[in-house]
Amino acid sequence: MVRDSDCTVGDERLIKDVENLRVSSVEPEEEFEDYEEDECEEPVVLGFVQSPEHEWSLLRHLFPSKAGGLPAWLDPVDLPSGKSCTCDVCGTPLRFLLQVYAPLSHKESAFHRTLYIFICTSMTCLIQHQRNQQNQCSKKGSRSVKVFRCQLPRTNPYYSPDAPKNDGTDKPSTVGAALCDWCGSWKGDRVCSSCGITHYCSDIHQVP
């Protein structure tokens, strides 16, 4: 698992596009009468969120792309940990936003490849992050939006080299690491001293 600072050139471009996303209202069609196709330097691919037909289609061994809920970690064992999981501004654990399954067919080591986007829910932190981007200090500045990339070769300890059947009978090859019982996103490295069962990813989520 790598953080956004270790991404390839293609990943950095995707990260920049994601961070520059803006939502605006659609203007009447006549406002775009002067649009010329050659003005568009590159094609833009849009994705639309749809409810899954089956809940099991969002499980990690089916390599889903999804928004909201909990992340389906491609590598169920080697998960991000420590400060990489927290907002650099306020220090709270980041919340899962979305993940995109984006394998590279020409690269054996990236036969399976998923990008994960996490954000801080504090608007103050997001504004600080945006200012850092505008000041072109993203490499050193505090971040409240982080992107992680995970990739695996076709032959790996976690999944069959054959394509899944997608009929509800597919099962992962191994059990993943214990996750935080509070957020369900990050590795639960800490265990409750009282019950010895409940796992936490941080002191903030270790609620009495």
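Phe 118 has a relative accessibility of 0%, so this residue counts as buried. Buried here means under 20% relative accessible area, exposed over 50%, and partly exposed in between, with a 1.4 Å probe and protein chains only. Phe 148 is buried too, at 1%.

This is a predicted model: local features need pLDDT of at least 70, side-chain atom pairs count only at pLDDT 80 or more, and totals for chains, interfaces and linings use all residues. Residues are numbered from 1 along each chain as its sequence is written, and side-chain values use heavy atoms, leaving out hydrogens and water.

Tyr 116 has a relative accessible area of 0% and is buried. The two Phe rings come next. The ring centres of Phe 118 and Phe 148 lie 5.9 Å apart with planes at 85°, so this pair is edge-to-face. Rings of Phe, Tyr and Trp (its six-membered ring) pair if their centres lie within 6.5 Å; planes under 30 degrees apart count as stacked, over 60 as edge-to-face and the rest as tilted. Phe 118 sits in strand E4 and Phe 148 in strand E5 (residues 145-152), so their pair ties together parts 30 residues apart in sequence. Strands (E, at least two residues) are DSSP runs, as are helices (H or I, at least four), numbered from the N terminus.

Now widen the view. The whole structure holds 10 aromatic pairs. In one of them, Trp 73 and Tyr 116 have ring centres 4.5 Å apart and planes at 40°, so the pair is tilted. Trp 73 is buried, at 4% relative accessibility. One aromatic cluster is formed by Trp 73, Phe 96, Tyr 116, Phe 118, Phe 148 and Trp 186.
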